[in-house]
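Please look over the sequence and the structure shown here before reading on. The report that follows takes up the sheets, the charged side chains and the nonpolar core in turn.

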Amino acid sequence: MSGAAIVARKEIVIGKDVLLGAGCKILDNDFHPIDAEERCRNVEASIRAEAIVIEDKVWIGGGATILKGVRLGEGCVVGASAVVTKSLPAFSVAAGNPAKVIRMLKQRDPQVAADE
């Protein structure tokens, strides 16, 4: 992890061997109510928050943002400056704003990895 920001109001779970690029942000809430009237009254109860789960061996590129309710599947890669608004499958590569899967990675055979 290098200069990442992790802001949890509900829950953020980070697996093993996860790489967090410089300046990435993991935010499980909206910080303020969406409704203008509630924002003016600072109604804490209406701030939306959903857990984030980052599975093992995920790589989040520099400047990327992971938003509430997202699950990043094992071994996926999030491109630099991507904004992830929806969950990504295991061994996918995603980029853009909003982030979209641009390719799938080959899954390593566990037996071959154990023999190395």
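This is a predicted model: local features need pLDDT of at least 70, side-chain atom pairs count only at pLDDT 80 or more; totals for chains, interfaces and linings use all residues.

Isoleucine 12 belongs to strand E2, which covers residues 12-14, and E2 is joined by 3 bridges to strand E5, made of residues 52-54, with the two strands running parallel. These strands are part of an open sheet of 3 strands, in which the order is E2-E5-E8 and the pairing is parallel. Strand E2 and strand E8 (71-72) stand at the edges with a single partner strand each, so one side of each is left without a neighbour in the sheet.

Another open sheet is formed by 4 strands, again with parallel pairing, in the order E1-E4-E7-E10. Its edge strands, which pair on one side only, are strand E1 (5-7) and strand E10 (83-84). Within this sheet, 2 bridges connect E4 with strand E7, residues 65-66, and these two strands run parallel; isoleucine 26 has isoleucine 66 in E7 as its bridge partner.

## A buried aspartate

Between strand E4 (25-27) and helix H1 (36-41) there is a loop, and aspartate 28 has its place there. Is aspartate 28 buried or exposed, and which side chain of opposite charge is nearest? Aspartate 28 is buried and yet has no salt bridge, for the nearest side chain of opposite charge, that of arginine 9, is 6.9 Å away, whereas a salt bridge requires the nitrogen and the carboxyl oxygen to be within 4 Å.

The side chain of aspartate 28 does, however, have polar atoms placed beside the backbone: one lies 2.6 Å from the backbone nitrogen of lysine 10, and the backbone nitrogen of glutamate 11 is 2.9 Å from a polar atom of that side chain. If neighbours within four places in sequence are left aside, the residues in contact with aspartate 28 include Val7, Ala8, Arg9, Lys10, Glu11 and Ile12, as well as Arg48, Ile52 and Lys68.

## Salt bridges between parts of the chain

The count of salt bridges comes to 4. In one of them, the side chains of aspartate 30 and arginine 48 meet, with a distance of 3.4 Å from N to O. This pair links distant parts of the chain, since aspartate 30 is in the loop between E4 and H1 while arginine 48 is in the loop between H1 and E5, 18 residues apart. Aspartate 30 is partly exposed, with a relative accessible area of 22%, and arginine 48 also counts as partly exposed, at 47% relative accessibility. Asp30 and Arg48 are linked with Lys68 in a network of salt bridges.

Glutamate 55 and arginine 71 form a salt bridge through their side chains, at 2.7 Å from N to O. Here, too, distant parts of the chain are linked: glutamate 55 is in the loop between E5 and strand E6 (59-60), and arginine 71 is in strand E8, 16 residues apart. Both residues count as partly exposed, with relative accessibilities of 25% for glutamate 55 and 42% for arginine 71.

Lysine 57 and glutamate 74 make a further salt bridge, in which the closest N and O atoms are 3.7 Å apart. Lysine 57 lies in the loop between E5 and E6, and glutamate 74 in the loop between E8 and strand E9 (77-78), so the pair ties together parts that are 17 residues apart in sequence. Glutamate 74 counts as partly exposed, at 28% relative accessibility.

## An antiparallel hairpin

Strand E11 (residues 92-95) and strand E12 run antiparallel and are joined by 4 bridges, with alanine 95 standing opposite lysine 100 in E12. The hairpin of E11 and E12 has 4 residues between the strands, and in it glycine 96 takes a positive phi near 105°. Strand E12, residues 100-104, is hardly covered, as the count of buried residues among its 5 residues is 0.

## The nonpolar core

In soluble globular proteins, nonpolar side chains tend to be buried together. In this model, the largest nonpolar core has 20 residues, and those with the most contacts inside it are Ile26, Ile54, Ile60, Ile66, Leu72, Val78 and Val84.

Which residues are in contact with isoleucine 60, leaving aside its neighbours within four places in sequence? They are Leu19, Leu20, Gly21, Cys24, Ile26, Ile54, Ile66, Leu72 and Val78.

Terms used. Residues are numbered from 1 along each chain as its sequence is written. Side-chain values use heavy atoms; hydrogens and water are left out. Two strands pair if DSSP finds at least two bridges between them. Buried means under 20% relative accessible area, exposed over 50%, partly exposed in between (1.4 Å probe, protein chains only). Lys and Arg count as positive and Asp and Glu as negative; His and the chain ends are not counted. A polar contact is a pair of N or O atoms within 3.5 Å; within protein, one must be able to donate a hydrogen and the other to accept it, and residues adjacent in sequence count only if both atoms are side-chain atoms. Contact means heavy atoms within 4.5 Å. A nonpolar core is a set of buried Ala, Val, Leu, Ile, Met, Phe, Trp, Tyr and Cys residues joined through side-chain atoms within 4.5 Å.
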